Amino acid sequence: MEKALFIIFAVVSVAAALNILLQRNPLYSALSLVGTLIALSALYVMLRAQFIAAIQIVVYAGAIMVLFVFVIMLLNAPKEAPYIEKHKALRFLAIPFAGLLIAEAFYVIRLVKPIQMPASDDSAQAVGTTLSVGTKLFTDYLLPFEVTSVLILMAIVGAMVLARRGED
Amino acid sequence: MSSLLAFLLLQQDQPFIKRFEPTLVHFLMLSFLLFVVGVAGVLSRRNIIIIFMSIELILNAVNLNLVAFSRYFQINQEVLRAKGLVIDSLMGPVFTIFIIVVAAAEAAVGLGIVIAMFRNRETVAIDEIDMLKW
């Protein structure tokens with residue numbers, strides 16, 4: 001059952017990710033990215049990281065993608081030829097290198113030895129419930145958390161300065 | 001429908017090793033595929049907004065990796081402790097939250113740059129934005 005669900009969501013996420021590259025209209029690419037994000041959040045639930053799944057939908061699919069769609073509609077850029085083709089000769093090199101990369105990655109992943117999984121009860125201590133993540137975030141990782149808020153403040157100020165129309 | 005429900009209820013009683021069939025390797029492969037698609041997008045497209053989306057895709061692949069590893073460490077806690085490894089399995093979700101925050105900040109600043117650039121040059125194609133090249 002979980003395997004079937006995993007395969008469904010994995011195929012959906014990779015297909016949507018490929019669709020980002022193949023679409024010529026940026027708006028359709030943004031919609032495909034939302035599809036990838038939602039499929040990934042289903043996979044997070046499968047990994048018992050419920051809080052991350054919720055954050056993924058609320059922050060990524062909700063906030064960041066709205067920002068993207070907003071900018072795409074604001075700019076209304078003309079459609080253009082999708083791919084950069086400056087060095088046509090490199091295309092023949094690309095295929096063997098891509099095959100090499102895939103073979104190498106799968107070889108490395110094959111080296112991961114499956115450790116015996118003990119049949120333990122998993123409901124008691126999930127990886128990413130709100131309680132456990134929140135406790136961790138506000139005790140051990142309090143300093144990075146506060147530094148993150150400074151980072152967000154800098155991002156807000158930077159975005160405002162960059163997107164503002166010059167007065168002169 | 002009821003048979004499917006009965007099947008699901010039966011699955012609940014199974015020990016974990018039976019239920020969790022997609023192992024770490026599957027998640028690593030999926031993460032690798034998403035990462036490669038993201039890199040291909042960064043390298044091949046010329047619309048800067050789509051390049052930003054591909055970067056988000058790469059960050060998501062990393063997030064999936066982190067959460068999968070942390071789940072894996074949590075499941076194998078006893079085995080790893082017997083080998084002398086004590087790993088905090090909550091590190092993955094916490095770092096995932098930080099990555100999401102950084103991605104949000106990066107998207108805000110990056111799209112601000114895109115808007116400023118579009119106001120000056122009337123284009124979002126990266127091969128036409130070559131002011132720093134001389």
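## Confidence

pLDDT is the predictor's confidence in each residue, on a scale from 0 to 100. It matters here because this is a predicted model. Over residues 4–19 of chain B, pLDDT stays under 50. The model has 19 contacts beyond four places in sequence for that stretch. Where pLDDT is low, the predicted coordinates should not be read in detail.

For chain B overall, the mean pLDDT is 80. Of its residues, 84% reach 70 or more. The predictor gives the complex an ipTM of 0.82 and a pTM of 0.82.

## Extent of the A–B interface

The interface joins 82 residues of chain B to 82 residues of chain A. The size of an interface is often given as the accessible area lost when the parts come together. Between chain B and chain A, about 7,600 Å² is buried. Carbon and sulfur atoms give 77% of that area.

Lys136(A) and Asp88(B) form it through their side chains, at 2.8 Å from N to O.

## What chain B contributes

Six helices of chain B each give two or more residues to the side that touches chain A: H1 (2–13), H2 (16–19), H3 (24–44), H4 (48–75), H5 (77–82) and H6 (91–121). H6(B) gives the most, with 24 residues.

By residue type, this side of chain B divides into 57 nonpolar, 16 polar and nine charged residues.

Technical notes
Residues numbered from 1 in each chain as written. Chains lettered and ligands numbered in written order. Heavy atoms only, no water. Contact = heavy atoms within 4.5 Å. Buried area = accessible area lost by both parts, 1.4 Å probe. Salt bridge = Lys/Arg side-chain N within 4 Å of Asp/Glu carboxyl O. Helix = DSSP H or I, 4+ residues; strand = E, 2+ residues; numbered from the N terminus. Nonpolar A, V, L, I, M, F, W, Y, C, P; charged D, E, K, R; others polar.
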